[in-house]
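Hello,

Here is the structure you will be working with. Please open it first, then read the notes below it.

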Amino acid sequence: MKLGTQGAEVSRLGLGCMGMSAAYGTRDDNESIATLHRALDLGITFLDTADMYGWGANEELVGRTVADRRDQVFLATKFGILGNPAKAETRGVDGSPEYVRSSIDGSLQRLGVDHVDLYYQHRMDPGVPVEETVGAMAELVAAGKVRYLGLSEASAETIRRAHAVHPITAVQSEWSLFSRDIEESVLPACRELGIGIVPYSPLGRGILTGALPTELADDDFRRTLPRFSADNLDANLKLVEEIRAVATRYDATPGQIAIAWVLAQGNDVAPIPGTKRRKYLEENWAALEVQLSAADVEALAKLTPAGTRYADMTWVAGQSAPQS
């Protein structure tokens with residue numbers, strides 16, 4: 001499919017690689033490597049990583065694995081997050097031009113490539129006008145280090161300002177049956193400007209699969225999210241049973257229905273469900289065969305989860321300092 005209007009082409013379904021190296025419990029590099037190869041074999045060529053996933057470990061893993069298959073991969077990475085994103089007191093964002101330039105060099109070295117296909121600002125820096133950040137990112141395109149530019153969790157206003165400096169190919173944001181805030185203003189702005197949409201966590205960080213572990217690991221990032229707190233989780237799992245009822249009619253799993261719902265939102269949408277296991281990769285891939293009826297798409301859209309997607313929603317407000 002075409003992602004945006006700048007010439008980028010990606011697989012209809014991508015693969016989010018964060019969980020292979022961070023956030024979701026114990027790493028298993030051997031299984032992650034096998035999962036990456038299986039993704040390419042299936043035709044999932046849109047791979048998404050970031051410099052802060054495992055603090056460089058994920059870029060190294062992805063780069064090492066696809067080294068002899070680079071021509072098959074549309075490779076996306078991100079920059080800008082400092083500290084621990086799960087802890088407001090320690091996390092930060094740097095969108096300064098100097099940081100942009102140094103970050104890409106670090107990513108290229110870890111990935112073992114001479115360019116990345118899509119380079120995102122991971123979170124907007126409220127202290128730096130987005131025009132300055134994107135101006136520096138545009139220099140990377142001119143230098144041949146980056147092919148296309150993207151933003152992650154940006155507001156509609158920020159997207160418009162960024163796009164005026166250099167064409168933005170894709171905006172990445174959480175979008176699923178349980179995370180719908182993108183639809184209010186970000187989605188219309190992207191469609192007006194011809195920008196592709198890359199939904200991350202289309203499975204609600206696993207909750208929409210109906211197959212969560214009975215107990216999350218102590219270091220599992222989801223323990224910090226309101227939707228996974230005890231009372232909210234019980235309420236949300238009851239909603240997943242409604243999705244399971246739909247899935248039964250399609251001979252599918254709840255997760256496949258969740259992905260199919262996101263895919264049904266338009267041909268400009270390329271979800272990147274994350275997994276570190278071949279079993280779930282193949283299940284996600286099979287969601288492409290599920291064609292939901294218009295009535296089911298509408299009915300599923302009425303589900304309303306308990307709890308916000310982050311404890312501090314300013315983390316994804318997407319604002320950047322106004323142009324001076």
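What percentage of the residues in the chain are buried? Buried residues make up 58% of the 324 residues. Please keep in mind that this is a predicted model.

**The chain as a whole**

The chain contains 10 helices and 11 strands. Its radius of gyration is 18 Å, close to the 20 Å that the globule rule gives for 324 residues, so the chain is as compact as a globular protein of that length. Along its principal axes, the C-alpha trace spans about 50 × 45 × 40 Å. Contacts can also be sorted by how far apart the partners sit in sequence. Among contacts between residues at least 6 apart in sequence, 78% join residues at least 24 apart.

**Helix 1**

Helix 1 covers residues 29-42, which is 14 residues. At 1.5 Å a residue it should span 20 Å, and its end C-alpha atoms are 20 Å apart, so the two values agree. The buried residues of this helix are Glu31, Ser32, Thr35, Leu36, Ala39, Leu40 and Leu42. An α-helix has 3.6 residues a turn, so residues three or four places apart point the same way.

What covers the buried residues of helix 1? The cover includes strand 3 (15-16), strand 4 (46-48), helix 2 and helix 9 (278-286).

Thr35, in helix 1, counts as buried because its relative accessibility is 0%. Leaving aside residues up to four places away in sequence, Thr35 touches Met20, Thr275, Lys276, Arg277, Arg278 and Leu281. Just after the helix, Gly43 takes a positive phi of about 110°.

**Helix 2**

Glu60 is found in helix 2, which runs over residues 57-65. Is Glu60 buried or partly exposed? Glu60 counts as partly exposed because its relative accessibility is 39%, and buried means under 20%. Glu60 and Tyr200 are 140 residues apart along the chain, and their C-alpha atoms are separated by 21 Å.

**Helix 4**

Helix 4 has 13 residues, 130-142.

Just after helix 4, Gly144 takes a positive phi of about 85°.

**The cavity**

How many cavities of 30 Å³ or more does a search of the whole structure find? The search finds one. About 70 Å³ of space lies in the largest cavity. Its lining is made up of Glu174, Phe178, Ser179, Gly204, Arg205, Ile207, Leu225, Arg227, Phe228, Thr308 and Arg309. By class, the lining has four nonpolar, three polar and four charged residues.

Regards

Definitions and conventions
Residues are numbered from 1 along each chain as its sequence is written. This is a predicted model: local features need pLDDT of at least 70, side-chain atom pairs count only at pLDDT 80 or more; totals for chains, interfaces and linings use all residues. Side-chain values use heavy atoms; hydrogens and water are left out. Helices (H or I, at least four residues) and strands (E, at least two) are DSSP runs, numbered from the N terminus. The expected span of a helix is 1.5 Å times one less than its number of residues. On a 1 Å grid over the protein atoms alone, a cavity is a set of points where a 1.4 Å probe fits but cannot get out, and a pocket is an open set with protein on both sides within 12 Å along at least five of seven lines; lining residues have an atom within 4 Å of a point. Grid points are joined across faces, edges and corners, and a volume is the space filled by probe spheres set on the points. Ala, Val, Leu, Ile, Met, Phe, Trp, Tyr, Cys and Pro count as nonpolar, Asp, Glu, Lys and Arg as charged, and the others, Gly among them, as polar. The radius of gyration is taken over C-alpha atoms; the globule rule is 2.2 Å times the number of residues to the power 0.38. Buried means under 20% relative accessible area, exposed over 50%, partly exposed in between (1.4 Å probe, protein chains only). Contact means heavy atoms within 4.5 Å.
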